[in-house]
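User: I would like to learn how to read charged side-chain pairs in a model. Please take me through some cases.

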Amino acid sequence: MNPRADPLEYRRLRAPQQDGGALVEPPWSRVGDLVAANARLRLSGGPDFYGISLAALAEEARRELLAEAARYTATYTDPGCERWPGVEVPGKVFVAGHQPQLFHPGVWFKNFALGRLAQQHGAVAVNLVIDSDTMKSHSVRVPGGSLAEPRAAMIPLDDPGPVVPFEERSISSRSVFESFGERTVEHLAGLIPDPLVRDYWPLAVARSRQTANLGECLAQSRHQWERRWGLQTLEIPQSRVCQLRSFARFTARLLSDLDKLAAVYNEAVREYRRIHRIRSTAHPVPDLAVDPPWVEAPYWIWIRDDPRRRRLFVSRRGRHLVLSDRQGLEFPLELSATGDAGRAVEGILELGRRGVKLRSRALVTTMFARLVLGDLFLHGIGGAKYDQLTDAIIHRFFGVQPPGFLVLSATILLPAPRRRAGLEDARRIQRQLRDLDYHPETFLNADGCPRPDCEAAALIAAKKRWISTPATAENARTRWREIRRINAALQPLVAERREALLRERAAVAAALAAEAVLSWREYAFCLYPEPFLRDALTSLLPGSPAE
């Protein structure tokens with residue numbers, strides 16, 4: 001099989017502009033074909049993982065995933081496994097994932113689509129909680145004020161804490177965390193009188209008394225709320241996926257051929273930058289560093305006692321792979337007699353038991369989820385754009401066609417009455433104000449002179465004569481001065497029109513400022529009224545009356 005994929009192509013993916021709109025690519029009607037095609041790809045051969053095929057690795061991984069996801073979900077809600085025979089004997093598995101934060105409804109839409117599609121296609125739905133990422137902000141943007149003058153403020157969810165992965169991030173201030181709901185409801189009162197957060201936040205507080213981990217509180221309470229709305233999914237943190245034997249086997253395969261992986265990875269990243277005209281070497285992801293004998297791997301590493309994420313570097317030393325952060329941590333993994341990383345699988349599992357955290361970065365996380373864990377992966381727009389890279393890496397490194405995925409997003413705005421105004425209104429008013437300065441006679445001609453005396457008529461006639469007089473070197477300055485003098489003399493006649501336009505401009509500016517606050521699509525899901533949000537989300541799902 002050709003080990004090089006076709007060149008990357010620019011793919012246009014945009015969030016829906018219309019309120020209540022959804023991006024679904026490919027459409028719902030093609031999901032069954034996509035799932036079947038992915039199954040055929042997995043069974044058609046592919047790489048060897050130390051004695052087992054990709055299909056066998058996938059079967060092993062699903063059995064581990066579903067068992068662990070059911071155990072984890074059972075710690076805070078009924079996993080409902082008796083309704084899914086596939087949990088015992090792996091059948092189809094659909095997967096999605098996101099960081100454990102208060103995301104906007106367009107992201108939450110993925111969770112509902114995951115549950116509905118799994119139900120329709122006889123699959124088990126598993127949502128990955130990506131807890132290897134760090135918390136970007138300890139505050140949440142919340143709109144407040146009045147409909148006439150809305151304003152957004154950052155409401156603290158917690159005190160600032162250490163910059164560590166969600167997996168390691170504990171609640172810093174219990175009083176700030178527990179009062180978040182009350183403070184948010186108060187700030188929202190002038191716009192959304194009965195937001196979901198009023199009833200949702202007590203769930204988060206209750207979870208915080210069972211686990212002090214901030215990400216777990218948010219994700220588990222959100223999942224509990226989804227269960228109230230009838231959603232049937234399992235959840236599992238990525239940190240637990242990274243402790244599965246199947247993940248260790250997959251990781252050992254990548255690390256044992258890291259020179260090739262780094263070359264393929266960097267080639268795809270640079271190609272992506274060229275296509276998308278990206279100059280920054282940090283986007284979409286940095287290149288993997290190659291500094292012999294060290295090669296950077298697309299993983300994070302840290303230890304339990306010092307949970308700061310570090311880049312992972314690997315070198316070969318005889319019959320060992322040495323894993324290091326190049327800042328003092330070093331862990332050897334023994335290779336087998338043939339030089340492959342078969343024995344390293346046990347070493348990776350043992351490192352986890354010793355508190356050494358080996359966590360995949362974004363591209364490897366979705367690579368493993370798409371190739372091994374699921375028959376279908378549901379992406380948001382950001383992940384889908386980056387997974388053009390993953391497609392190229394899968395094809396060029398493993399020599400197989402990458403499985404297809406579904407791209408989903410939605411735009412659901414706050415249900416607050418708004419004074420509609422657009423930038424074109426502001427531009428129109430500004431053009432008219434300029435015309436009042438330089439062409440006041442056009443307003444008088446259109447409306448009739450308010451005081452049709454001889455002076456105004458004479459001024460307009462004089463201006464027309466000067467305009468029709470060709471400019472020469474001799475008359476240019478006089479011509480310019482006279483036209484400017486006439487325009488100034490006509491200003492009192494259009495003063496009322498100017499005042500009206502200035503009032504309209506102020507109203508449009510206020511409406512645009514309000515619209516900027518109210519039409520932001522990334523407000524947290526819990527800021528919306530419950531009945532409105534539930535209806536808005538379910539109406540976009542396959543099989544709904546509005547579909």
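Analyst: Start with how exposed a charged residue is. In this predicted model, Arg343 has a relative accessibility of 44%, so Arg343 counts as partly exposed.

User: Which residue forms a salt bridge with Arg343?

Analyst: Side chains of opposite charge can pair when their charged atoms come close. Here Arg343 forms a salt bridge with Glu334, with the closest N and O atoms 2.9 Å apart. Glu334 is partly exposed, at 38% relative accessibility.

User: How many salt bridges does the model have?

Analyst: The count comes to 39 salt bridges. One of them pairs Lys357 with Glu168, where the closest N and O atoms are 2.7 Å apart. That pair links distant parts of the chain, 189 residues apart. Lys357 sits in strand 12 (residues 356–360), while Glu168 is in the loop between strand 5 (150–156) and helix 4 (174–188).

User: Is Lys357 buried or exposed?

Analyst: The cut-off for buried is under 20% relative accessible area. Lys357 has a relative accessibility of 12%, so Lys357 counts as buried.

User: Where is Arg485, and which side chain does a polar contact join to that of Arg485?

Analyst: Arg485 is in helix 16 (residues 476–490) and is partly exposed, at 42% relative accessibility. A polar contact of 2.9 Å joins the side chains of Arg485 and Glu482. For a sense of separation, the C-alpha atoms of Arg485 and Arg310 are 71 Å apart, and these residues are 175 apart along the chain.

User: What is the average pLDDT of the chain?

Analyst: Confidence should be read alongside the contacts. The chain averages a pLDDT of 91, and 94% of the residues score at least 70. Over residues 1–5 the pLDDT is below 50, and this stretch has 13 contacts in the model beyond near neighbours in sequence.

Note on methods. Residues numbered from 1 in each chain as written. Predicted model: local features only at pLDDT ≥ 70, side-chain atom pairs only at ≥ 80, totals over all residues. Heavy atoms only, no water. pLDDT = per-residue confidence, 0-100. Contact = heavy atoms within 4.5 Å. Salt bridge = Lys/Arg side-chain N within 4 Å of Asp/Glu carboxyl O. Helix = DSSP H or I, 4+ residues; strand = E, 2+ residues; numbered from the N terminus. Buried < 20%, exposed > 50% of the residue type's maximum accessible area, 1.4 Å probe, protein only. Polar contact = N/O pair within 3.5 Å; in protein donor to acceptor, adjacent residues only side chain to side chain.
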